[in-house]
Amino acid sequence: MSVIVTVLTKGDPKQVEEYASANADSMQAITDSAKSHGLIAHRFYGADGQVLVIDEWPDGDSFHGFFEENSGRIGPIMQAAGAQGPPEVTVWQKLETGDDIGWGA
């Protein structure tokens, strides 16, 4: 069963969008690497003073391998966002509760 990985940091969502727009090649290189490590789905989200990444991976080890290999590429995105300290990374396991809706339930 796949896992959801969240990466949460304090930062400016608009600056992340601006960085991504100005550094499309770098963003694509990160995406390509993530796919080679098994990434299933990926999104950036922003709220007032926060940036959240939500990914779906085959397992936590796949994410951690990707993240370690790409920390030098990911760092500039976090810096552009004005991140304060390391991000909060959580690997979420799906719970079987019998009330699934969507995502191919």
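What percentage of the 105 residues of the protein count as buried? The figure is 25%, where buried means under 20% relative accessible area, found with a 1.4 Å probe and protein chains only.

Before I continue, please note that this is a predicted model, in which local features need pLDDT of at least 70, side-chain atom pairs count only at pLDDT 80 or more, and totals for chains, interfaces and linings use all residues. Residues are numbered from 1 along each chain as its sequence is written, and side-chain values use heavy atoms, with hydrogens and water left out.

Let me turn to the fold. The protein contains 4 helices and 4 strands, arranged along the sequence as β-α-α-β-β-α-α-β. These elements are DSSP runs numbered from the N terminus: helices are H or I with at least four residues, and strands are E with at least two.

Next, the core. A nonpolar core is a set of buried Ala, Val, Leu, Ile, Met, Phe, Trp, Tyr and Cys residues joined through side-chain atoms within 4.5 Å. The largest one has 18 residues, of which Val-5, Trp-57, Phe-63, Phe-66 and Ile-77 touch the most other members. At least two residues of this core come from each of β1 (3-10), α1 (13-22), α2 (24-36), β3 (50-57), α3 (60-69) and α4 (71-80).

Consider Phe-63 in particular. Leaving aside residues up to four places away in sequence, Phe-63 touches Val-5, Val-7, Trp-57 and Val-89; contact means heavy atoms within 4.5 Å. Across the protein, 74% of the contacts with a separation of 6 or more join residues 24 or more positions apart.

Finally, the C-alpha atoms fill a box of roughly 40 × 30 × 25 Å, taken along the principal axes.

Note on methods. Buried < 20%, exposed > 50% of the residue type's maximum accessible area, 1.4 Å probe, protein only.
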